Amino acid sequence: MEVFIIRVLQLVLALSLLVFLHEGGHFFFAKLFGVRVEKFYIFFDWKFSLFKFKPKNSDTEYGIGWIPLGGYCKISGMIDESFDTEQMKQPEQPWEFRTKPAWQRLLIMIGGVLVNFLLALFIYSMILFYWGDTYIPVKDMTMGMKFNQEAKSYGFKDGDILVGTEKRAFKEFGANLYRDISEAKRVDIIRDGKPMSISLPGELNMLNMIKADPAFVRPLIPAVVDSVLSDSPADKIGMKKGDRILAINGSPVDSYNEFVDQLGRRNDLLLTSKTPADSLKARTVTIAYGNDSRTDTTQVTLTPDLKLGFMVTTIAGLYKPVTVEYSFFESIPAGIKYGWSVLASYVDDMKYVFTSEGAKSLGGFGAIGSLFPPMWDWYMFWKMTAFLSIILAFMNILPIPALDGGHVLFLLYEMITRRKPSETFMIRAEYVGFGLLILLMVMANLNDILRWLGYM
């Protein structure tokens with residue numbers, strides 16, 4: 001419960017900040033060009049609001065709604081999500097959005113996206129300035145990688161040390177490494193101390209590579225016990241720090257990765273169990289383990305979630321991280337470069353959304369919240385906030401009615417053709433766009449529920 005609350009607080013704080021600044025971008029340009037802003041809200045206030053106030057001699061009501069799906073500025077003389085069609089029937093006023101030149105209306109509409117994108121670059125820059133860039137170079141992972149059967153079909157072998165592709169050297173293990181391999185026609189490796197290369201088609205599906213069970217590639221972790229949990233199955237059979245897992249039910253275990261994979265196969269048996277006896281049988285395994293001076297083989301019953309109850313050394317414990325530090329002025333261009341790379345990667349990955357697996361990968365608030373760490377960590381909080389800011393900027397600029405990008409599209413049409421789309425068309429487009437957004441939101445959050453229930 002504590003973990004849930006911490007993640008919810010981080011998510012709400014991040015979204016509140018991003019929505020406030022996004023709407024602040026629209027508000028700034030509206031005020032700059034003399035357009036009246038009737039309402040400025042964080043979150044939506046359908047039927048009622050949690051808090052609101054209107055300063056004396058101000059045209060704007062400020063408030064906090066109760067539906068945390070975004071926020072809005074209600075700008076006079078504009079067809080937006082408020083669907084205030086009565087206002088549009090009144091004579092045009094000089095303080096209204098619709099009376100302003102197209103270029104001013106364009107700046108008002110892109111103001112939110114612009115603020116979100118600049119905010120992300122600023123946060124990334126300050127992260128680099130304050131914390132630096134700490135990572136474990138892939139080339140320093142001297143125990144190599146563990147590959148699945150698909151990877152081995154291309155020529156990879158367990159223990160290969162990844163170096164890079166024809167485009168660039170690998171930096172750290174993560175999504176960018178998968179992306180580089182998926183697009184590579186040549187991957188450089190070190191095998192048994194000798195450099196060599198492996199040819200690839202250059203068009204692997206990155207999403208399938210990551211979602212495969214086991215994944216296409218993972219850092220190889222030795223199956224060596226670092227600590228044993230008290231009163232766990234491992235503790236009851238006398239397993240000690242320094243012991244190595246050698247086999248499960250007679251099948252050799254060459255790494256902790258292989259150990260996890262074999263337990264995963266036991267999970268398939270557990271899921272098909274129909275009786276307590278079947279469940280007990282699925283959870284009962286024969287473990288061979290030991291060290292240089294002894295080898296033990298014993299039968300043990302795993303926990304209901306198929307855990308033996310020991311910990312291994314993490315990647316951070318196996319290898320020494322390196323930290324690149326930046327001065328204030330060095331952090332600015334570095335943060336811009338990093339933020340641009342994040343945006344480019346996110347845009348590139350959008351092609352997977354239109355696949356069946358990509359649609360299943362969509363997530364709502366539950367998926368977003370799970371990206372935050374279970375303990376409060378300011379480094380991860382700001383890194384996630386910057387990432388969400390980039391997503392918010394990109395999603396809002398998509399040419400979908402009801403989003404900023406839809407308004408921008410119609411404004412560009414007006415600037416090119418010198419003709420405004422009719423108000424009837426704009427209202428209908430707004431309804432269609434709003435309906436699509438609601439459908440997408442329902443689908444994303446439904447995926448969260450199905451994952452929680454174990455159906456995905």
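Two strands count as paired if DSSP finds at least two bridges between them. In this predicted model, an open sheet of 3 strands runs in the order β7-β8-β9, with antiparallel pairing.

- Strands of a sheet pair through backbone hydrogen bonds, in either a parallel or an antiparallel sense.
- The strand order here is β7-β8-β9, and the sheet is open.
- β7 (161-165) and β9 (194-199) are the edge strands; each has a single partner strand, so one side of each lacks a neighbour in the sheet.
- On average, neighbouring strands of this sheet are turned by 30° against each other, direction ignored.

**Strand pairings**

- β7 and β8 are antiparallel and share 4 bridges.
- Thr-165 lies opposite Val-187 of β8.
- β8 (residues 186-191) and β9 are also antiparallel, joined by 6 bridges.
- Which residue of β9 is the bridge partner of Val-187? That partner is Ile-198.
- Val-187 therefore has Thr-165 opposite it and Ile-198 as its bridge partner in β9, where two strands pair if DSSP finds at least two bridges between them.
- Arg-186 has Ser-199 as its bridge partner in β9.
- A hairpin is formed by β8 and β9, with 2 residues between the strands.
- In that turn, Asp-192 has a positive phi of about 55°.

**Helix pair α8 and α9**

- Two packed helices are described by the angle between their axes and the distance between those axes.
- Helix α8 (residues 256-271) packs with helix α9 (residues 276-283) at an angle of about 175°.
- Their axes are 9 Å apart.
- Angles over 145 degrees count as roughly antiparallel, so α8 is roughly antiparallel to α9.
- From α8, the contact is made by Arg-266, Leu-269 and Leu-270.
- From α9, Ser-279, Lys-281, Ala-282 and Arg-283 take part.
- By class, this contact has 3 nonpolar, 1 polar and 3 charged residues.

**Second largest pocket**

- Rolling a probe the size of a water molecule over the atoms shows where empty space is left.
- The second largest pocket has a volume of about 360 Å³.
- Its lining holds 20 residues.
- Nearest the centre of this pocket lie Tyr-256, Phe-259, Lys-307, Leu-308 and Phe-310.
- The elements giving two or more residues to this lining are α8 and β16 (310-312).
- Which element gives the most to the lining of this pocket? α8 does, with 6 residues.
- The pocket lining divides into 11 nonpolar, 7 polar and 2 charged residues.

**Second largest cavity**

- How many cavities of 30 Å³ or more does the structure hold? There are 2.
- The second largest cavity holds about 30 Å³ of space.
- Its lining residues are Pro-401, Ala-402, Leu-403, Gly-406, His-407, Phe-410, Met-426 and Glu-430.
- Helices α15 (404-417) and α16 (423-453) each supply at least two residues of this lining.
- α15 has the largest share of the cavity lining, with 3 residues.
- By class, the cavity lining divides into 5 nonpolar, 2 polar and 1 charged.

Notes:
Residues numbered from 1 in each chain as written. Predicted model: local features only at pLDDT ≥ 70, side-chain atom pairs only at ≥ 80, totals over all residues. Heavy atoms only, no water. Axes fitted to C-alpha atoms, helices over the stretch in contact; angles between N-to-C directions. Parallel < 35°, antiparallel > 145°, perpendicular 65-115°, else oblique. Contact = heavy atoms within 4.5 Å. Nonpolar A, V, L, I, M, F, W, Y, C, P; charged D, E, K, R; others polar. 1 Å grid on protein atoms, 1.4 Å probe; cavity = no way out; pocket = protein on both sides within 12 Å on 5 of 7 lines; lining within 4 Å. Points joined across faces, edges and corners; volume = space filled by probe spheres on them.
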